[in-house]
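Dear colleague,

I am passing on to you the structure shown below, together with its sequence. My notes on what was found in it follow directly after.

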Amino acid sequence: MSSSRRFIPALVVLVLLAVLPQLPVPPFWITLLNNIGIASLVAIGLVLLTGVGGLTSFGQAAFCGFGAYTTAVLTTAYGFSPWMTLPLSLAVGALIALPLGLITVRLSGHFLPLGTLAWGIALYYLFGQIDLLGRHDGIAGIPPLSIGDYRFMSGSSIYYVIWTFVILTALAAQNLLDSRVGRAIRALRGGGQAPEAFGVNVARAKLTVFVLAGVTAALAGWLYAHMQRAINPTPFSISMGIEYLLMAVIGGAGYVWGAIFGASLVLVLKELLQRLLPDLIGTTANFEMIVFGALLVVILQFARDGLWPVVLRFFPSKSSHRIRGDAPALGKREAPSPGTPLIRVEKARKTFGGLVAVNDVSFEVKAGQIVGLIGPNGAGKSTTFDLITGMNSLSGGQILFEGKPLTGRSPRDIARQGVARTFQHPKILPGMSVLENVALGAHQRGTGGVLQSILRLERTEEAALMAEAMRQLERVGLAEFKDRPAGDLALGQVRILEIARALALDPVVLLLDEPAAGLRYGEKQELAALLKKLRGEGMSILLVEHDMSFVMGLVDHLVVLDFGTRIADGKPQEVRENPAVIAAYLGGTA
Ligand SMILES: Nc1ncnc2c1ncn2[C@@H]1O[C@H](COP(=O)(O)OP(=O)(O)OP(=O)(O)O)[C@@H](O)[C@H]1O
């Protein structure tokens, strides 16, 4: 997707990396570059976990420890060859990450980073206490990597191994982010239950990214062990964990290549400060950490997304997603025949303590209808909406979808049944393109997993998902904005984008939560025209709305709530003339 303006500098950097060890550079440059490469691997994992997924971890150094100690023990005590221990080190990283992730990613807010801090410290002390791991002395005599008779003993030889792994890992991470699984991970930043409502398994996406970050850190540890050929617990301490996080954040928390940039910046600066500071202030204490802290504060003030986006500004690229004409069509649900009951709300009740927010409300949405749920502020419309979509649980009564009760089902499961929704406060991912935002809606219609995505084996399915997203954008009239960041759109367009995302689910019924709120008159008219067009195509719609004039000309059926109770139910004209409605809601304006 990147233009030649980015390709050429990338090629220059790659060639420089390749020839550098052959040039007469001081050996410590190579040592420094090796350390940067190893740190970059951990930072790439952190970019996925923290930058993209929004899960902050201070504990990644511990996973390096697992990778390093696995190979150290197996090669020194059990005679394994180093290459054989590579999959084992990665597997140990993944196996430890799995239970730790299960506990950690459930934490929210500041408890999550605190949790990682806690196990980061605990694991470091554990490494120093176990006899098999050589306690605080560690393990020496780790064999170097070798191919045939060639042993990667020197810094400049293992340099090539390290940087091959770094580039492969970065490419793998890029591939992952540009896939169905990657979009799910990127959607985590949207927070809360929203991604569930368009089909993403949030807990699974969090665990996936946690394990991946653990595995990249274990890879770094494996390389470190064979580079140093002796290890002890110190490089796996919490202060290293903090340093890795610093690299990811300074580089550019959401950018894979920013991880390498951040690692380079932090390690080069650390080297310089360690040389310069003692002369400047006459002491050898670890003052570089103070400088890093100050640096981080300054960077976060001026470049919240880290420094990589600043670098990219010098090499602008116009990314555009090519929609493959030969992409296969995704499977589609059979549309219910007009008039079939779809949603049946039967005596639905919701109480919050003593307050009855929804008081035994019943109504129905039939296939091919637009039904409006209206009522004054606090009438219970949003609560009813949340009961149908599974965001809230019923206190009484039941809700059926196509004859089956929805009680106890998760929002994701309800979405999978064909109930797609939009949000009163739109939940888009502003940094993601309009097309990708819509493709998120089609998440459940694909099956590509992590490994397939990394190896780009799911390209046919991905093309189908993108083509479907494009079809929905064309359907709602937003096709021309497909490559624009969703955050650039006006509110009216954002609401329509959410409808396109909901349509990408291949829904049986669309649930729209106050779709006209905050829109200008012209935008409302466009929205109403779109909803009528969708109904013409056979779509069924339930909309919660405030704006009377908006619903009157649009809906087939109106349900009016007041103080949680249904006070009217019928055709718009009948409802408009209902005295109870006039009294409760319309006042003298009807
Ligand atoms: N989580 C909650 N805890 C306690 N009370 C709640 C909760 N959610 C809603 N309520 C109360 O339930 C009643 C119905 O609220 P609801 O948001 O469903 O009304 P609404 O018709 O959607 O109003 P609006 O148009 O203002 O959004 C209100 O009195 C509200 O304060």
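Strand S5 (residues 341–352) and strand S8 (residues 396–401) are joined by five bridges and pair in the antiparallel sense. Within this pairing, Arg349 stands opposite Gly396 in S8. Please note that the model is a predicted one. The two strands belong to an open sheet of four strands, which has the order S6-S5-S8-S9 and antiparallel pairing. Strand S6 (355–366) and strand S9 (404–405) are the edge strands, each of them pairing on one side only. Helix H14 (residues 381–389) packs on the sheet, where it touches S5, S6 and S8. The direction of H14 makes about 120 degrees with that of S5.

S13 has the following strand partners. Strand S7 (residues 370–374) runs parallel to S13 and is joined to it by four bridges, with Gly372 opposite Leu558 in S13. Strand S14 (residues 565–570) pairs with S13 in the antiparallel sense over five bridges, and here Val560 stands opposite Ala568 in S14. S13 and S14 form a hairpin with two residues between them. Phe563, in the turn of that hairpin, has a positive phi of about 45 degrees.

I turn now to the helices. Two packed helices are described by the angle between their axes and the distance between the axes. The axes of helix H2 (residues 27–52) and helix H6 (residues 155–177) come within 9 Å and cross at roughly 20 degrees. H2 and H6 are therefore roughly parallel to each other, and their crossing is left-handed. Among the residues that make the contact are Ile30, Leu41 and Val52 of H2 and Tyr159, Trp163 and Leu177 of H6. The residues of this contact of H2 with H6 divide into 17 nonpolar, seven polar and no charged.

H3 passes H9 in a right-handed crossing. The contact includes Phe63, Gly65 and Ala68 of H3, as well as Ala217, Gly221 and Trp222 of H9. Its residues divide into 13 nonpolar, seven polar and no charged.

Finally, one individual residue may be of interest. Leu440 has its place in helix H16, residues 434–441. Is Leu440 buried or exposed? Leu440 has 25 C-beta neighbours inside 10 Å and therefore counts as buried. Leaving aside residues up to four places away in sequence, Leu440 touches Arg183, Ala187, Phe198, Val200 and Arg501. Leu440 and Ile428 are 12 residues apart in sequence, and their C-alpha atoms are 9.9 Å apart in space.

With kind regards

Technical notes: Residues are numbered from 1 along each chain as its sequence is written. This is a predicted model: local features need pLDDT of at least 70, side-chain atom pairs count only at pLDDT 80 or more; totals for chains, interfaces and linings use all residues. Two strands pair if DSSP finds at least two bridges between them. A crossing is left-handed if the near helix is turned anticlockwise from the far one by less than a right angle, and right-handed if clockwise. Two residues are in contact if their C-beta atoms, placed from the backbone, lie within 7 Å. Ala, Val, Leu, Ile, Met, Phe, Trp, Tyr, Cys and Pro count as nonpolar, Asp, Glu, Lys and Arg as charged, and the others, Gly among them, as polar. Axes are lines fitted to C-alpha atoms, for helices over the stretch in contact, and angles run from 0 to 180 degrees between N-to-C directions. A residue is buried if 20 or more other C-beta atoms lie within 10 Å of its own, exposed if 12 or fewer, and partly exposed in between; C-beta atoms are placed from the backbone. Angles under 35 degrees count as roughly parallel, over 145 as roughly antiparallel, 65 to 115 as roughly perpendicular and the rest as oblique.
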